[in-house]
Amino acid sequence: MTDTQHLDALNPEQRQATEHFEGPILVLAGAGSGKTRVLTARITHLIRDHGVPPDRILAVTFTNKAAGEMKERIARNLGAAPGGMWVGTFHSIGARLLRRHADRLGWDRTFSIFDAEQSLRLVKSVQEQVGLDPKRWSPKAIRGEMSNTKNQLVTAEAFARDCEGSFDLFVRNVAKVFPVYQKALKDQNAFDFDDLLMKPVELLESNPALLERYRDRFSFVLVDEYQDTNRAQFRLVELLASEHGNLMVVGDDDQSIYGWRGADIRNILEFEQSFPGARVVRLEQNYRSSRTILDAANAVIAENVNRKGKTLRTERTGGDRVGLVETFDEADEARWIVGDIQERYKAAPGLVYKDFAVLYRTNAQARALEDAFRREGLPYQVVGSVRFYERREIQDVLAYLRLISNPKDAGAFQRVVNYPRRGVGAASIERLARWAHEQGVTLLEAAVRAEEALEVPKGGRRGFLRFADLIQRYSLKASQTRVGELLDELVEELDLVRHLNDEGPDGEDRARNVAELIAGALDFNAEVAETLGADDIDSFTELDLFLQQVALVADVDRLDPNADTATLMTLHNAKGLEFPVVYIGGMEDGLFPLSRAFDDPATLEEERRLFYVGITRAEDVLSLTWARQRRRAGDFTYGTLSSFVEGVPEELLDERKSERLGLMSQSTPHRGRGGWSRREARGTDDRTLSAAPDYESDAVMNQDGPRFVKGERVIHQTFGSGAVVGLSGFGRDLTVTVDFDEAGRKKLRAQYAGLERDWP
């Protein structure tokens, strides 16, 4: 590449951002505007044209995929990988800092990283320890509250101190669990995912000399997807960059859609206040979508008040109008979408199935779509199902590796001490754990000394000793053996493939998954520049580094880009992706936007931003679909067209209705173009169906909430745990009848009850 080639391909705004040298800069990068190109071009420019050493640059992203793409592009621009530069997600950067300095916080540097499943198990265990019934108080809800608290940089001790006298019983219960949970993590030499954000901030704030060292080290800091940062992430960036001010943040306030998990849009809206003198560059040239699609997107997002303001433009002319299709119910909607995919696939030889995506607000909507795809035999994949590293057999094998790496990991010990079976029952494990507590040793140390634990049955003691010998042998091997070879030997010694195959057809799939894990471990290459740096690599085994990579690969199963299948996913999962043909289903008030949004302007604006994200995923064709009625909990609810569609100018829309509604209208004619007009669908005609259902109130359509069905266990903050025995009404009048274990039978308005599923 020539000296200026990385600049020649940029448009004027991209070049302004790239050539900016010192001082803070905010790059407002609209959808499809080439922000990754700008980030990589600027890093190239800093290294090549300003002589900045690569090891003085820190680049932070939100996904492993984005980090990988950035590294590849920079290496391509420079002709070689820049040695010493830190590029990674916030979590991986946090883990990297902790690997170097965890001892300053009281952890060993070979700590474990607990994923969501391991963290949830620990929460349940702590609840039992403090006398809080996990069947009555949802461990998932408690963990969620602790996660939000950590991301606000509030410690467990501070939370407990501030909330122990709260009038909110749930908050008081979290205050009981939180400090004990954190102590249990430390006792096991482990961090959870939220600690990877919070603890590096604590590390730098409590060690001024260390902070100064990293400020000097990273003289240029770049952050991607800045609109998605939470308080902890903002503070980490502020600590590292506020003194020298050489901070570039790239983001789009119009695509800030993660407020529900702690992202703070104020970080990008108030960037100039946080970093005075900041330059602002807007990237408004879109390289993805047709002009019609962009006109629709611009019109929709213009209705939001809290935004920096920009208008996407394109050099593409025209484009198909946005389809607006009215259907009878969710099955009819799914049939229409699948039928349209079939027609377009046959009519355009250049299209393949992976060019099609169906987006929806809630996971519950996928059922009818999957039924339709299966019925017609169309290939599809659902993004958001169980991920590879969350599968049971993978978690089992990784538990062995975690214990080999970190002998204090009690969760890993308990998971596999009797898998495959070695004569150690639950009672023996409980007795050993009690003896270990009395002796002040870890479970693995107790297993090594099992002969001393006389209250453990003789058969159990033999099993513990065999298990401890196995772990000790492989711990010694780990320092001398490549991780792939180590894992291959371990699986063979455990005879794990035979055990899995004995489980039947599902077992064969599990055995193949374990083989895939081994293949990944054999391919693992702990490159110094890719992992920790030359000054750290000798401190860890390849197993330690492999486990860290596995723990941090959060988006490994999001999407298989090579599979020729249509993609079904929620709008949240679609962010950052693009497809030639996109369908957005469920465009009804109460479903999209969710009903709760109408009571909170900030939430309504976030829902509108989510619609904007969906629109801008489409390159050539966009269709919006809605249904007159949907089935929920055995009853039908009646829908009206989403108020969001009102923001799309009518001249950009091609309004149609499904074949079923077309046949119905021959006997019962309706006014308006192509079925009900938008005015009629919004309820201004007395012949329309009833008002918008409150889909979110019973959480059946909420991707983060439970679906209420008769017989299901639920939790109420005041009445505790109970079983659903009846459902009546719909929309805002939906009533749930619950037989509570202690409070008796109660009838509750679902909209206000705050019921949660009682997870087993």
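**Close-up views of a predicted model**

**View 1. The second largest pocket holds about 1,400 Å³ of space.** A pocket here is an open set of points on a 1 Å grid over the protein atoms alone where a 1.4 Å probe fits, with protein on both sides within 12 Å along at least five of seven lines, and lining residues have an atom within 4 Å of a point; the volume is the space filled by probe spheres set on the points, which are joined across faces, edges and corners. Of its 39 lining residues, Ser-125, Gln-188, Ala-410, Gln-414 and Leu-443 are the closest to the centre. Among helices (DSSP runs of H or I, at least four residues, numbered from the N terminus), α6 gives the most to this lining, with nine residues. This is a predicted model, in which local features need pLDDT of at least 70 and side-chain atom pairs count only at pLDDT 80 or more, while totals for chains, interfaces and linings use all residues. Residues are numbered from 1 along each chain as its sequence is written, and side-chain values use heavy atoms, with hydrogens and water left out.

**View 2. The largest nonpolar core has 56 residues.** Such a core is a set of buried (under 20% relative accessible area, 1.4 Å probe, protein chains only) Ala, Val, Leu, Ile, Met, Phe, Trp, Tyr and Cys residues joined through side-chain atoms within 4.5 Å. Leu-401, Phe-413, Phe-464 and Leu-517 have the most contacts inside this core, to which α18 gives the most, with eight residues.

**View 3. Thr-18 lies in helix α2, residues 12-19.** Thr-18 is buried, with a relative accessible area of 0%. Leaving out residues up to four places away in sequence, Thr-18 touches (heavy atoms within 4.5 Å) Leu-7, Leu-10, Val-38, Ala-41, Arg-42 and His-45.

Terms used: Helix = DSSP H or I, 4+ residues; strand = E, 2+ residues; numbered from the N terminus. Buried < 20%, exposed > 50% of the residue type's maximum accessible area, 1.4 Å probe, protein only.
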